[in-house]
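Please keep the model in view while reading.

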Amino acid sequence: MKELDRNEYFYHGADCTDSENRIFATLSVDSLLEKQLGGEAAEFCKKNDFAFYGSGWQGWGFGGEINPGEYQKKYFPVVPQWKNYFTVPGRLPKSLKSKKLLVGSFFIYLRWNMNGKNLYLAVASTGNVKGLVPPVSFYVDRKKREITCTVYADGKTWHEGDKIAELAVFVAGDFFELRETTQKLFAEDKEARFGTLNFLNSTPQKGKISVGGWESWYNHYADINNELIQGDLEGLGKTENLIKTHFLDSKKPCVFQVDDGWEISLGDWDARTDRFPQGMNSLASSIAEKGYVPGLWIAPFIVDLRSELVKNHTDWLLRDKKGKPVTAGFNPLWGANFGKDQPSFPGSYFCLDLSRDDVLEHLDALIEKAVNEWGFRYLKLDFLFAGLIRGEFKNGGAAYEWYDRAVKVLTKRTMNKNGERVAYLGCGMPFESSFKAFPLSRIGTDTKEDWDISWMKKSNYPSRPSAFVNMQDTLGHAFWDNGVYINDPDVVFLRYENISLTDKEKILIALVNYLFASQTMHSDDPVHFDSEKEGAFTKKIEQLYELFEDEDFGVENRNATSYFIFSKNEKYTGFINLGDEPVYIERTELVSRFSGKTENLESVVDYGTRMTDGFHFEPHSISIYERK
């Protein structure tokens with residue numbers, strides 16, 4: 001394989017202010033193949049269509065592969081506000097609007113399978129590793145085999161010599177080469193990139209950062225109060241749940257995070273006195289006294305128009321050209337359905353204008369309060385994408401510049417007043433523009449205690465909360481882990497109440513999160529823990545975690561919903577089937593990544609029916625075999 005190719009792009013001409021997303025380059029796929037590969041491999045790829053991987057512009061956008069010959073499905077807008085979650089902001093250039101294109105942001109690759117061997121052609125935007133450039137999106141024309149590269153810089157005034165973008169292009173022959181090259185691009189100095197998270201690291205002996213803990217969301221959702229949280233805090237140390245067995249018993253650092261539901265309203269970030277009468281300082285102290293790192297959920301850039309913050313500071317709202325507040329998204333709990341408090345679709349919530357100094361002062365005071373007044377040391381900063389939505393900023397300029405300024409304010413406290421480390425988890429965040437501020441990141445859409453939501457699936461909503469989509473995102477971003485970000489895949493489920501997931505699906509989720517990401521969060525009910533049923537299942541998962549503790553696994557798509565998995569030392573091989581039908585795989589395919597002879601495969605996790613020369617793998621399953 002040839003060395004990666006880096007290219008910088010600069011603005012040349014008279015001063016110019018962007019009113020739509022700027023096209024700065026058009027790349028020929030075949031020319032890139034000739035330059036990067038050459039020879040027989042390039043000729044094969046030029047004659048054949050490719051699978052496409054393109055990350056979403058923010059963490060809730062789709063992050064898996066699209067099969068050769070296929071495109072992203074068009075969303076039927078049953079909830080119009082949800083388009084903000086996955087549609088690249090800004091105005092799409094007219095030349096791209098009418099075309100059928102594949103869309104990805106920040107990092108894309110095209111993949112071919114040549115005689116059983118994968119070939120990846122990757123294009124990554126690297127301008128924000130050391131500098132500040134607008135976020136990049138890629139529009140791929142399958143028929144013309146062209147990649148049109150754009151930046152979202154609406155409102156930006158360009159001057160002669162300004163840097164627009166930097167792209168790195170490279171090829172890789174397998175998952176590990178893809179991951180290692182990506183790590184060199186984004187985290188050549190791992191200590192500089194991830195060192196601030198060392199105090200949370202539960203696996204320092206492995207030379208990587210792993211983080212974990214418990215959060216309230218997937219047990220209580222927003223219906224929380226002090227009694228419930230204190231009960232969970234007490235119960236975690238008393239039953240053989242995953243937090244106790246995986247973290248507490250071995251004295252590993254562990255987060256205890258209080259999620260949405262503690263605040264007065266979206267924008268009024270103080271404790272609801274009817275739910276938390278003792279206040280947030282008392283709550284954080286209780287968490288710390290139990291030996292956990294206190295964690296708290298905040299959505300700093302979004303507001304409910306009914307909040308006192310907005311009533312007192314209506315001028316803080318981001319507005320459009322007509323003076324209307326800019327909609328960020330939909331949540332029936334966060335926005336009125338109609339009336340003076342709802343200038344948009346029912347249930348809409350809105351954005352703050354990050355160009356305003358008084359808004360930044362408000363954000364700074366909010367984090368100061370959470371960290372140094374209350375005592376929280378792990379802040380989950382959510383719905384950050386709202387900081388990059390297009391609007392008419394009071395002080396002009398482009399969203400990405402104001403966003404960069406704002407996240408620097410949010411994350412500047414790396415230690416609290418007592419000299420203790422503080423960490424930030426970015427969630428629902430623009431991937432590229434958040435690179436420096438959030439080394440720990442949610443890299444996919446929300447999971448759920450259900451495999452999928454049928455009506456959302458039928459509307460082709462790509463950012464829907466579902467275990468299925470979450471698994472595609474987690475596996476799709478696996479090569480980013482401990483390179484681009486410390487990947488947070490969301491939570492594992494081991495419970496038997498208030499859940500429709502089967503044991504097979506729960507094992508799949510638990511292992512995918514453990515093997516292909518680096519934050520293990522849990523959210524089940526520790527107070528009503530079933531020692532017999534849930535305890536036995538937890539022990540089974542813990543034994544698998546211990547078995548694979550020192551293994552480095554890779555993953556390669558077979559298609560959009562099935563994957564080959566394998567350990568780097570060639571000890572294990574396996575298969576993941578996220579689809580709804582069984583998949584037949586020949587034995588030779590399953591062992592093709594082993595360099596030596598494999599006489600026998602011994603079952604470790606087995607949801608495959610063995611045939612004469614292959615396996616039928618069950619839907620929604622993971623199977624792993626040890627090489628003997």
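F479 is buried, because its relative accessible area is 2% (buried means under 20% relative accessible area, with a 1.4 Å probe and protein chains only). This is a predicted model, in which local features need pLDDT of at least 70 and side-chain atom pairs count only at pLDDT 80 or more, while totals for chains, interfaces and linings use all residues. Residues are numbered from 1 along each chain as its sequence is written, and side-chain values use heavy atoms, with hydrogens and water left out.

F479 forms an edge-to-face aromatic pair with Y53, at 5.5 Å centre to centre and 65 degrees between the planes (rings of Phe, Tyr and Trp, the last by its six-membered ring, pair if their centres lie within 6.5 Å; planes over 60 degrees apart count as edge-to-face, under 30 as stacked and the rest as tilted). Y53 lies in strand 4 and F479 in the loop between helix 15 (467–476) and strand 24 (486–488), so the contact ties together parts 426 residues apart in sequence (helices, H or I of at least four residues, and strands, E of at least two, are DSSP runs numbered from the N terminus). Y53 is likewise buried, at 0% relative accessible area. Both residues belong to one aromatic cluster, whose members include F106, Y120 and W480.

Strand 10 (residues 146–151) is mostly covered, with 5 of its 6 residues buried. Strand 10 pairs in the antiparallel sense with strand 3 (residues 22–28) over 6 bridges (two strands pair if DSSP finds at least two bridges between them). Strand 9 (residues 136–141) also pairs with strand 10 in the antiparallel sense, over 6 bridges. E146 stands opposite S28 and is the bridge partner of D141.

Note on methods. Buried < 20%, exposed > 50% of the residue type's maximum accessible area, 1.4 Å probe, protein only.
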